[in-house]
Amino acid sequence: MKHDRVPASVVGEGAYQDERLDALLSITGRMDGYLYRCRNDASYTMLYISDGIFTVSGYWPSDFIHNAVRDYVSAIHPDDLAAVYAAVDGALEARCNWNVDYRIVPQVGEPL
C-alpha cells in the first residue's frame, strides 16, 4: 500500500494526489482515538493505523505497520483477545459489521 510510509502528520498538506483521501486522513488525524485497517490474520497485521494510537497506547503507529516492531494483538488485553477473535470471525462469516469492546494495554499505565 503506497500510503503506509507517509506519516499521518503530513495529511492535510497535499501529501496525497487524491484530495478525498487527504481530507479523510486529515479528519482521522484530529479525532479522539484511532482508526486502522488490518488483515484478518492472527496478529491483525496493520496496513494503516492513525496517529491516535500513540495517544492511546504510547506506541508509534509505525511500530504496528506490517508488524514492524509489534503486532496489534500485543496491545489488546489478553483477557479480551478471545472475544475480539470471536466477534470478528462471527461477523465475517455472517458478512456483517461487528462491534466489540476491548481493552488496550498501553506502554505505560493501566489498561484502558
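User: Which elements each supply at least two residues of the lining of the second largest pocket?
Analyst: β1 (36-38) and α4 do. Keep in mind that this is a predicted model.

User: What volume does that second largest pocket have?
Analyst: About 250 Å³.

User: Which lining residues are closest to its centre?
Analyst: Y36, C38, Y44, V88 and W98. They come from a lining of 14 residues.

User: And how does the lining of the second largest pocket split by class?
Analyst: Eleven residues are nonpolar, one is polar and two are charged.

User: Which residues of α4 are buried?
Analyst: L81, V84, V88 and A91. Looking down the axis of α4, these buried residues fall within an arc of 115 degrees, so they line one face of the helix. V88 is also among the residues closest to the centre of the second largest pocket.

User: What does the face turned away from the buried side of α4 carry?
Analyst: Exposed residues: A82, A86, E93 and A94.

User: What happens to phi just after α4?
Analyst: R95 takes a positive phi there, about 60 degrees. That is a positive value in a residue other than glycine.

User: Is R95 buried or exposed?
Analyst: R95 counts as exposed, because its relative accessibility is 79% and the cut-off for exposed is over 50%.

User: Where is N67, which also has a positive phi?
Analyst: N67 sits in the loop between α3 (61-64) and α4. Its phi is near 55 degrees, and N67 is again a residue other than glycine.

User: How accessible is N67?
Analyst: N67 has a relative accessible area of 27%, so it is partly exposed.

User: What about the accessibility of C38 and C96?
Analyst: C38 is partly exposed, at 25% relative accessible area. C96 is partly exposed too, at 40%. C38 also belongs to the group closest to the centre of the second largest pocket.

User: Zoom out. How many helices and strands are in the protein chain?
Analyst: Four helices and two strands.

User: In what order do they run?
Analyst: From the N terminus on, the elements go α-β-β-α-α-α.

User: What share of the protein chain counts as buried?
Analyst: 34% of its 112 residues.

User: What separates I53 from F64?
Analyst: Along the chain, they are eleven residues apart.

Technical notes: Residues numbered from 1 in each chain as written. Predicted model: local features only at pLDDT ≥ 70, side-chain atom pairs only at ≥ 80, totals over all residues. Heavy atoms only, no water. Buried < 20%, exposed > 50% of the residue type's maximum accessible area, 1.4 Å probe, protein only. Arc of directions from axis to C-beta. 1 Å grid on protein atoms, 1.4 Å probe; cavity = no way out; pocket = protein on both sides within 12 Å on 5 of 7 lines; lining within 4 Å. Points joined across faces, edges and corners; volume = space filled by probe spheres on them. Nonpolar A, V, L, I, M, F, W, Y, C, P; charged D, E, K, R; others polar.
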